[in-house]
Amino acid sequence: MNPEALLGDDVELPPGRLVTADEGSGDIWPLWLSDGPAPFGAWGRIRAAHARTGLWPLLLEPLHPGAGEFRPWASGELYPEGMSRPADHAPEAVLVRWWESAVPVEEDDVLSTERRLALTAPYGAVWPGLAPGREPVEDPGRLAAEHADLLLSFGIEARLGLVEAGSGAEALAAVGWSGPANHENDTARIAAVVADWERRFGVRVFAVGFATLRLSVAAPPATTAEALRVAAEHFAFCPDNVWQGSCEDLAAYAEQLVGADQWTFWWD
């Protein structure tokens, strides 16, 4: 990867370097990473040039802000060779498998059967199917750039990353990110679902942390009924959003999704 040559004179990059992945013989460089904070406005300019360069920008957040190692990015804890291809996975089949693994009641479960099924009401243990997609209410790329700049305006510690990938979803697997490993150890399955959200909801990946993911959403659910189906997908995709969030059940979580133009996920 030679980002300076690919971007040309259109986009000025800050100082940075290629990061060597932990796997392999030191000859795998899945990521270009800035040495310092991501410049304001750079995400949008690089994303606008993506069709020409094939480089997808990411705002990358560390596990421990203020720590010098800037894990997992600068430390090279990246495993692209261990991932399959997002195109190899059917998004709904992936979600169904995750849903079915999240809803069963185990013998040592801290929740009663009634409480666990109430959590995912009105669906209980039954997968409700994919939520219908919507037309974007604004340009997905422009919205994502606004979210990227807004995140930086909060003073959050983030560096600029560049990945050779066809989309933000594909970048998650291409860079070898393993943040959801406690839920899914093949990030290509995560990427397959995000790619489907790109198509159905105008989602764009703009920021990734050690085990967090931030998506802009240009076509969010507009009603509670729509949002409830989307909430079921979120529960399958990242149960910790509900298990460890502030919402008591899927319905309360769905209320937060109505009209929400950003989705954030974290895996414990």
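In what order do the seven strands of the open sheet stand? In this predicted model, the order is E1-E2-E4-E3-E5-E6-E7, and the pairing is mixed. E1 and strand E7 (262-266) stand at the edges with a single partner strand each, so one side of each is left without a neighbour in the sheet. On average, neighbouring strands of this sheet are turned by 30 degrees against each other, direction ignored.

Arg17 has Leu33 of E2 as its bridge partner. E2 is also joined to strand E4 (residues 159-164) by three bridges, again in antiparallel orientation. Here Leu33 stands opposite Gly161 in E4. Leu213 is paired in E7 with Phe265, its bridge partner.

Helix H6 (residues 140-153) lies across strand E3 (55-60), strand E5 (203-208), E6 and E7, and runs at about 20 degrees to E5.

A helix pair was also examined. Helix H4 (residues 91-102) packs on helix H8 (residues 187-201) at an angle of about 120 degrees, and their axes are 9 Å apart. This angle makes H4 oblique to H8. The crossing of the two helices is left-handed. H4 contributes Pro91, Val94, Leu95, Arg97 and Trp98 to the contact, and H8 contributes Arg189, Ile190, Ala192, Val193, Asp196 and Arg199. By class, seven residues of this contact are nonpolar and four are charged, with no polar residues.

Terms used. Residues are numbered from 1 along each chain as its sequence is written. This is a predicted model: local features need pLDDT of at least 70, side-chain atom pairs count only at pLDDT 80 or more; totals for chains, interfaces and linings use all residues. Side-chain values use heavy atoms; hydrogens and water are left out. Axes are lines fitted to C-alpha atoms, for helices over the stretch in contact, and angles run from 0 to 180 degrees between N-to-C directions. Helices (H or I, at least four residues) and strands (E, at least two) are DSSP runs, numbered from the N terminus. Angles under 35 degrees count as roughly parallel, over 145 as roughly antiparallel, 65 to 115 as roughly perpendicular and the rest as oblique. A crossing is left-handed if the near helix is turned anticlockwise from the far one by less than a right angle, and right-handed if clockwise. Contact means heavy atoms within 4.5 Å. Ala, Val, Leu, Ile, Met, Phe, Trp, Tyr, Cys and Pro count as nonpolar, Asp, Glu, Lys and Arg as charged, and the others, Gly among them, as polar. Two strands pair if DSSP finds at least two bridges between them.
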